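Here are a few exercises to work through with the structure open beside you. Try each task before you read its solution.

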Amino acid sequence: QVQVVESGGGLVQAGGSLSLTCAASGSIFRSKTMGWYRQAPGKQRELVASISYGGRTTYADSVKGRFTISRDNGKKTVHLQMNSLKPEDTGVYYCNTDDLYYSWGQGTQVTVSS
């Protein structure tokens, strides 16, 4: 079964840090651009960061300079290091390919208190 499993979320105060991990399955992982998506309460899911197979990264303007995405192709994992967190970063974080190859996982909740 091809799937992704997200972990690492939690409750943190504004200005704090969290590190998220996505574990993916399937050989297709190594050829896909992977992304972290966020769904804030009452809002649509949005792409916040992506990384190509070769390591090229893109970030939403709202997280540039604060979030860092990385991947380990051997372990089939994708990481999101989140620093200087803000209350508006609150939401459920998911990982998937840029073309939504995987079924959505359960995500991991990130809550940033002010």
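A nonpolar core is a set of buried Ala, Val, Leu, Ile, Met, Phe, Trp, Tyr and Cys residues joined through side-chain atoms within 4.5 Å. Buried means under 20% relative accessible area, exposed over 50%, and partly exposed in between (1.4 Å probe, protein chains only). You're looking at a predicted model, where local features need pLDDT of at least 70, side-chain atom pairs count only at pLDDT 80 or more, and totals for chains, interfaces and linings use all residues. Residues are numbered from 1 along each chain as its sequence is written, and side-chain values use heavy atoms, leaving out hydrogens and water.

**Exercise 1. Find the residues with the most contacts inside the largest nonpolar core.**

Step 1: This core has 25 residues, and Trp36, Val78, Leu80, Met82 and Tyr93 have the most contacts inside it.

Step 2: Zoom in on Val78. Leaving aside residues up to four places away in sequence, its contacts (heavy atoms within 4.5 Å) include Leu20, Phe29, Trp36 and Ile51.

**Exercise 2. Work out which strands stand at the edges of the open sheet.**

Step 1: Write down the order of the 6 strands, E2-E10-E9-E4-E5-E6, with mixed pairing. Two strands pair if DSSP finds at least two bridges between them.

Step 2: Check the ends. E2 (10-13) and E6 (57-59) each have a single partner strand, so one side of each is left without a neighbour in the sheet.

Step 3: E5 and E6 pair in the antiparallel sense over 3 bridges, and Ile51 stands opposite Thr57 in E6.

**Exercise 3. Describe how the rings of Tyr94 and Trp104 pair.**

Step 1: Recall the rule: rings of Phe, Tyr and Trp (its six-membered ring) pair if their centres lie within 6.5 Å; planes under 30 degrees apart are stacked, over 60 edge-to-face and the rest tilted.

Step 2: Apply it. Tyr94 and Trp104 sit 5.7 Å centre to centre with 75 degrees between the planes, an edge-to-face pair.

Step 3: Compare their surroundings. Tyr94 is buried at 10% relative accessibility, while Trp104 is partly exposed at 34%.

Definitions and conventions. Helix = DSSP H or I, 4+ residues; strand = E, 2+ residues; numbered from the N terminus.
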